[in-house]
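Thanks for coming, everyone. Please look at the screen, and let me walk you through one structure.

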Amino acid sequence: MSITVRGAAKINLHLGVGRVREDGFHPLDTVYQAIGIHDDLTVATADALSLLTHVADHIDPASVPDGDDNIVLRAARLLAARTGAPATGAFVVRKDIPVAGGMAGGSADAAAALVAHDRLHDLHTPDDVLLALAAELGSDIPFSLVGGTARGVGRGELVTPVEDRGAWWWVAVPSTVGLSTPVVYRHFDVLHPDAPEVPASAEPLLAALASGEPVRLARALHNDLQEPAIDLRPELGDLIVRGEAEGALRGMVSGSGPTVVFLCESAEGARETALGLAGSGEEVVLTATGPVAGAHVLTPV
């Protein structure tokens, strides 16, 4: 028996970051959106736990953690430990989401692993339990289960779905070299030692989403980690300028970077921006729509 679960990349339409807390985490007010760049995870019945990863051409295989450090295996073991199920299954991941790119590729894989392991062993784990386990594994993983568009608070793990009737068009340009999320947060602390305890509110972004107007949404996009990411990698700022010159309504660093995403007015606008960026020398340019579903089964059990 085998089952395949699809996990989607995420972008942060709004990422407000507050002053680092005593526990080392930053308070966040963020709006996530799942977009149509995916990893597909298949798990089959087996006597032990194993993992094989296949990556797209734009991903360096060496950048994907293997062995016990891989979050897929950690997710399966955590669910097994909490439910009493066997920690078994042969996992195969086909990755298209950039690694260490600010698009939560690892989180998408972890969410897919939780769903797949649950279905493989017929556990019927309640949604609230899966969300709690996801939060233990990482701040972005609860959203990767939920998908769509959602607001996250706390350290981003407390997720509330947001009604989003828009069909948004995105162009994503990943980098061949990743950027460490902890490093970007530490650089944020250096640049903003007086950061407010309460992060910038997502309310203006939510109002723009509700309008359904791409231009209004473009004006409302906000990412407090963009400044430290560009300070560490100035070429990201140059890329944003080029993409907007090619017709995008707005470009921004995705999460902690280094992937840069561009909001476009239409499907045609996204194609033109992607072609322009490819023509300017960018080796990998991906187009996607959002919002899309979170981790979900593609094949029946």
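First, a term. Buried means under 20% relative accessible area, exposed means over 50%, and partly exposed is in between, using a 1.4 Å probe and protein chains only. A second term: helices (H or I, at least four residues) and strands (E, at least two) are DSSP runs, numbered from the N terminus.

Now the ground rules. This is a predicted model, where local features need pLDDT of at least 70, side-chain atom pairs count only at pLDDT 80 or more, and totals for chains, interfaces and linings use all residues. Residues are numbered from 1 along each chain as its sequence is written, and side-chain values use heavy atoms, with hydrogens and water left out.

Start with helix H9, residues 235-245. Which residues of H9 are buried? They are Leu236, Gly237, Leu239, Ile240 and Gly243. Their arc around the axis is only 155 degrees, so they sit on the same side of H9. That arc is taken from the directions from the helix axis to the C-beta atoms. Here is the background. An α-helix has 3.6 residues a turn, so residues three or four places apart point the same way.

The face turned away from the buried side carries Val241 and Ala245, which are exposed.

What covers the buried residues of H9? The cover includes strand S7 (168-173), helix H8 (226-232), strand S9 (250-253), strand S10 (260-264) and H10. Just after H9 comes glycine 247, with a positive phi of about 115 degrees.

Next, glutamate 282. Find it in the loop between helix H10 (267-279) and strand S11 (286-290). Its side chain makes a polar contact of 2.3 Å with the side chain of arginine 242. A polar contact is a pair of N or O atoms within 3.5 Å; within protein, one must be able to donate a hydrogen and the other to accept it, and residues adjacent in sequence count only if both atoms are side-chain atoms. Leaving out residues up to four places away in sequence, glutamate 282 touches Val173, Leu239, Arg242 and Leu277. Contact here means heavy atoms within 4.5 Å.

On to the annotations. UniProt positions are given in the numbering used here, feature names are shortened, and annotations may be inferred rather than shown by experiment. An unreviewed UniProt entry places the feature "active site" at Lys10 and Asp140.

Take lysine 10. It is in strand S1, residues 2-17. Is lysine 10 buried or exposed? Its relative accessibility is 5%, so it counts as buried. Its side chain has a polar contact of 2.3 Å with the side chain of asparagine 12. Beyond four places in sequence, the contacts of lysine 10 include Tyr32, Gly102, Asp140 and Ser254.

Now aspartate 140. Look in the loop between helix H3 (127-137) and helix H4 (141-146). Aspartate 140 counts as partly exposed because its relative accessibility is 23%. Its side chain makes a polar contact of 3.2 Å with the side chain of tyrosine 32.

So, that pocket. How is one found? On a 1 Å grid over the protein atoms alone, a pocket is an open set of points where a 1.4 Å probe fits, with protein on both sides within 12 Å along at least five of seven lines; lining residues have an atom within 4 Å of a point. The largest pocket has a volume of about 1,100 Å³. Grid points are joined across faces, edges and corners, and the volume is the space filled by probe spheres set on the points.

How many residues line the largest pocket? The number is 45, and Ala104, Ser107, Asp140, Thr181 and Pro182 lie nearest the centre. The largest share of the lining, 4 residues, comes from H2.

One last annotation. The unreviewed UniProt entry also gives a "binding site" that includes Pro98 and Gly106. Both are among the lining residues of the largest pocket. Proline 98 lies in the loop between strand S4 (89-95) and helix H2 (105-120), and at 5% relative accessibility proline 98 counts as buried. Glycine 106 lies in helix H2 and, at 36%, counts as partly exposed.
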